Amino acid sequence: MVDTAVAPPSLRALLARRDLRLRLVAGEDELPAGSIDRPVRWVHSSDLVDPTPFLSEGLVLLTTGTQFADTDDYTAYVSRLLARGVRALGFGTEVVRDGIPVGLAAACLAAGVPLFEVPYRTPFIAVARAGAEAIAAESYARRSWSLAAQRAVSLAALRPDGLSATLAELSRQLDCWVGLFDAAGTLSTEHPAGGLGAPALRVVAAEVTTMLRRGTRAASTVRSNDTSVSLQTLGRGGHLRGVLALAADDLDHEARSVVTAVVAMAALALEQQDGLGRAIGTFRAGLVHSLVTDDPALARRAGRDLFGPLPTAPV
């Protein structure tokens with residue numbers, strides 16, 4: 001389940017802040033699809049000719065253009081930013097230059113790097129603060145979602161079909177296919193049913209068999225065409241109970257914490273099912289022994305609630 005209450009930090013979110021009065025230089029239709037919606041990790045300012053050694057991927061960079069006083073090689077400058085993974089470039093006008101250099105606008109457009117104007121009345125610190133606020137708001141929203149999701153899967157575990165309900169809730173929360181393979185490598189539960197194509201399912205089943213054959217706790221990822229599936233064994237080393245499979249890419253920390261909780265609950269549920277199965281087997285053997293010793297009254301009383309009444313004598 002995707003949380004849509006908070007807009008993710010992106011250039012689009014910054015441009016939507018009317019108090020900043022930012023203006024995208026090129027039209028959105030002239031830029032690569034989705035370029036202004038890519039996630040922004042921070043907003044930084046620099047007037048260095050080559051700021052890339054001091055930048056990290058996913059930044060929006062702000063500059064006043066001081067570095068272009070001695071050079072007009074805009075293409076090389078933009079190429080360096082693009083190679084470093086800078087998401088967009090903001091140019092502060094009327095500080096050093098009147099307007100945005102035409103060559104810089106052309107270089108950004110050619111490289112597909114969004115360029116926006118920061119007017120003189122908008123200090124860079126205000127843009128940086130807006131970016132930080134958006135990042136903090138998204139982080140808080142994700143943590144809140146994680147807590148709510150873990151509570152939802154915990155409540156699902158209390159239902160009569162606890163394990164299946166838990167996996168169904170995990171599928172709903174992550175909006176992805178979730179499958180559970182038993183200790184023999186057979187797909188026993190999946191949500192949604194048929195949500196993984198047959199070719200991908202064959203690849204996943206083969207990897208599950210390999211993991212179970214090793215007998216050690218492990219995690220793995222397999223890919224079939226455009227589908228990536230993460231696998232996690234359930235149970236103790238040497239006593240694996242199955243494998244949990246998720247068709248999800250790039251889970252963040254909050255989503256992984258939800259998956260970790262489900263892995264623990266699923267492993268516990270499978271251990272309990274195994275123990276219960278052994279106990280019922282012992283109970284059945286006791287009933288048979290009671291019948292063999294010609295004492296059907298005890299067998300009838302003991303087995304009635306669990307298995308139903310015995311057939312009419314002779315048994």
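## Strands β6 and β7

V178 has H191 as its bridge partner in β7. The strand that pairs with β7 here is β6 (residues 178–182), and four bridges join the two in an antiparallel run. Two strands count as paired if DSSP finds at least two bridges between them. Helices (H or I, at least four residues) and strands (E, at least two) are DSSP runs, numbered from the N terminus.

This is a predicted model, in which local features need pLDDT of at least 70 and side-chain atom pairs count only at pLDDT 80 or more, while totals for chains, interfaces and linings use all residues. Residues are numbered from 1 along each chain as its sequence is written, and side-chain values use heavy atoms, with hydrogens and water left out.

## The antiparallel sheet

β6 and β7 belong to an open sheet of five strands in the order β7-β6-β10-β9-β8, with antiparallel pairing. β7 (187–191) and β8 (219–224) are the edge strands; each has a single partner strand, so one side of each lacks a neighbour in the sheet. From one strand to the next the twist averages 20°. Axes are lines fitted to C-alpha atoms, for helices over the stretch in contact, and angles run from 0 to 180 degrees between N-to-C directions.

Helix α5 (residues 162–174) lies across β6, β7 and β10 (239–246), and runs at about 40° to β7. Helix α6 (residues 198–214) also packs on the sheet, where it touches β6, β7, β8, β9 (227–236) and β10. The direction of α6 makes about 155° with that of β8. Contact means heavy atoms within 4.5 Å.

## The mixed sheet

Another open sheet has five strands in the order β1-β5-β4-β3-β2, and its pairing is mixed. Its edges are β1 (23–24) and β2 (42–45); each has a single partner strand, so one side of each is left without a neighbour in the sheet. β1 pairs with strand β5 (residues 115–118) in the antiparallel sense over two bridges, and R23 stands opposite E117 in β5.

Helix α4 (residues 124–156) packs on this sheet and touches β2, β3 (59–63), β4 (88–92) and β5. The direction of α4 makes about 160° with that of β2.

## Aromatic rings and a charge over a ring

A pair of aromatic rings is described by the distance of the centres and the angle of the planes. Rings of Phe, Tyr and Trp (its six-membered ring) pair if their centres lie within 6.5 Å; planes under 30 degrees apart count as stacked, over 60 as edge-to-face and the rest as tilted. A search of the whole structure finds two aromatic pairs. In one of them, the ring centres of F68 and Y74 are 4.9 Å apart and the planes are at 65°, so this pair is edge-to-face. F68 also forms an edge-to-face pair with Y77, at 5.0 Å centre to centre and 85° between the planes. These ring pairs link F68, Y74 and Y77 into a cluster.

Buried means under 20% relative accessible area, exposed over 50%, and partly exposed in between (1.4 Å probe, protein chains only). F68 is buried at a relative accessible area of 5%, Y74 is buried at 11%, and Y77 is buried at 1%. Elsewhere, R142 lies over the face of W145, at 4.3 Å from the ring centre. A charge sits over a ring if NZ of Lys or CZ of Arg is within 6 Å of the ring centre and within 35 degrees of the ring normal.

## Backbone geometry in loops

H191 and P192 are joined by a cis peptide bond with omega of about -10°. P192 is placed in the loop between β7 and α6.

E94, which is not a glycine, has a positive phi of about 65°. Its place is in the loop between β4 and α3 (102–111), and at 40% relative accessibility E94 is partly exposed. D175 likewise has a positive phi, near 55°, in a residue other than glycine. D175 lies in the loop between α5 and β6 and is exposed, with a relative accessible area of 61%.

## Cysteines

A search of the whole structure finds zero disulfides, a disulfide being a pair of cysteine sulfur atoms within 2.5 Å. C108 is buried at 1% relative accessibility, and C176 is buried with a relative accessible area of 7%.
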